[in-house]
Amino acid sequence: MPQHVVIAGGGFGGYYTAKTLERVAPDGVRITLINDVNFMLYSPLLPGAAAGTLEPRHIVVPLREHLKRTELRLGWVTGGDPANNTLSAKLLNGEVVDFHYDQLVVALGSVSRTFPIPGLVEHAIGFKTIAEAIALRNRLVRFLETAEEIDDPEQRRSYLTFVFVGGGYAGLEGIAEMEDFARGALRRYPRCREVGTRWILVDVADRIMPEIQPQLAAFTARLLTKRGIEIMLKTEVKEVTGESVTLSNGETIPCRTVCWTAGVKASPVAGRLGLPLEKGRIVCSDEMRVSGYDNVWALGDIAAIPDPARPGMPCPPTAQHAIRQGKLMAKNVAAALGHRARVKPFKFKTLGAFADLGRHKAVANLMGLRVRGFPAWALCRFYHLAWVPGAERKSRLIADWTVEFIFPRDTAELGQLGHPPSLEEHSIPRGAAPEDTVVPSGS
């Protein structure tokens, strides 16, 4: 039988493992990728999609288009038995299948890290998936429309207040992009303009952006503060309701939107695979091989791979690490199958960091060199273009950025996309009009 490589997860790590393995493995090797969706999300561009700068379809990479030899199976990994070389998954049709493998690569990524805060799960929204990002934009526009209909200015405030929790990349870029979008949109909402929007970034740490140099983080904080964004450090969220958020400083803020970006944790599926864990992440050697197994590998957010830049610490959960891990993983798996010379350790060290701050503004740390403003924004665009797979995807992004450079962003609220009403609901909603109201066809 042909040798079989099973890859669990189609994010950066899984995609680049499969893509590179198609090139370095002989034709006789069978490759199967299991993922819950048929695309890879290019997550660094998520804030741009949320703010309407980028078309959402342009920041995802269709797996079937880019993986020619790999068999894609859509479903959810449910467990594993490494002693018998099997991985279990529930497919879209509801069938539970055991995949037998010669080599297994676990690249299931991470999920939002939450805490037992009253009301958090019920009322907050995340910022990790394409669905969450677009839902956040639609909510912002819907609340602008709602506030515009309210006569009392004080009642408008809770609809126009937005709290982001978490001062890392996701929180910082998310609040910067969304505030920038809202500021432009307010020109079309005269009543909302009377009150204005309020944006608050909350973090338990003593500074934002621990991933970049303190001087650059301080500059970023000053820039956001100048734009009217409030930054509350050393502050925790104590409770979230549908109409307010309560903080550890005793303040209760009228607010109907809380965006939770306070870090990630390894996918909980890791605990059902029968593999050794360390703080929820799969324990690996510097070759990305799972401790105690010769034919099981892990990479990305779910793996505790030793970080060459920080001895004794695992690699950070960033896209630039997962991409490079994926490329090396394919070569190591091919070596384990006997088709390449030898397995090699992961030696990549972080080259730098970017943070988008809205239209034509960014900060960057490039191997110690601090860049900010428009030059950082341009460098950030060139970097993403270099790494987004496919000439077609690059071209679409260039077109989006060109249009955004010239024209303002639109404020259409498309929350109904993908949620069509039933045929009998093509009328005025129940309770919105008298029972005998007739709705003309095509209205």
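## Cavities, a pocket and a helix pair

The largest cavity is lined by Pro44, Leu45, Pro47, Gly48, Thr53, Leu54, Glu177, Asp356, Arg381 and Trp401. On a 1 Å grid over the protein atoms alone, a cavity is a set of points where a 1.4 Å probe fits but cannot get out, and lining residues have an atom within 4 Å of a point. The model is predicted: local features need pLDDT of at least 70, side-chain atom pairs count only at pLDDT 80 or more, and totals for chains, interfaces and linings use all residues. Residues are numbered from 1 along each chain as its sequence is written, and side-chain values use heavy atoms, without hydrogens and water.

There are two cavities of 30 Å³ or more.

| Space | Volume |
|---|---|
| Largest cavity | about 60 Å³ |
| Second largest cavity | about 30 Å³ |
| Second largest pocket | about 690 Å³ |

A pocket is an open set with protein on both sides within 12 Å along at least five of seven lines. Among the 24 residues lining the second largest pocket, Pro56, Ile134, Asn138, Leu414 and Leu417 are the closest to its centre. H5 gives the most to this lining, with eight residues.

Helix H5 (residues 130–148; helices are DSSP runs of H or I, at least four residues) packs against helix H7 (residues 169–185) at an angle of about 30°, with their axes 11 Å apart. H5 is therefore roughly parallel to H7 (angles under 35 degrees). Contact (heavy atoms within 4.5 Å) involves Leu136, Arg137, Leu140, Val141 and Leu144 of H5 and Met178, Phe181, Ala182 and Ala185 of H7.

Key
Axes are lines fitted to C-alpha atoms, for helices over the stretch in contact, and angles run from 0 to 180 degrees between N-to-C directions. Helices (H or I, at least four residues) and strands (E, at least two) are DSSP runs, numbered from the N terminus. Angles under 35 degrees count as roughly parallel, over 145 as roughly antiparallel, 65 to 115 as roughly perpendicular and the rest as oblique. Grid points are joined across faces, edges and corners, and a volume is the space filled by probe spheres set on the points.
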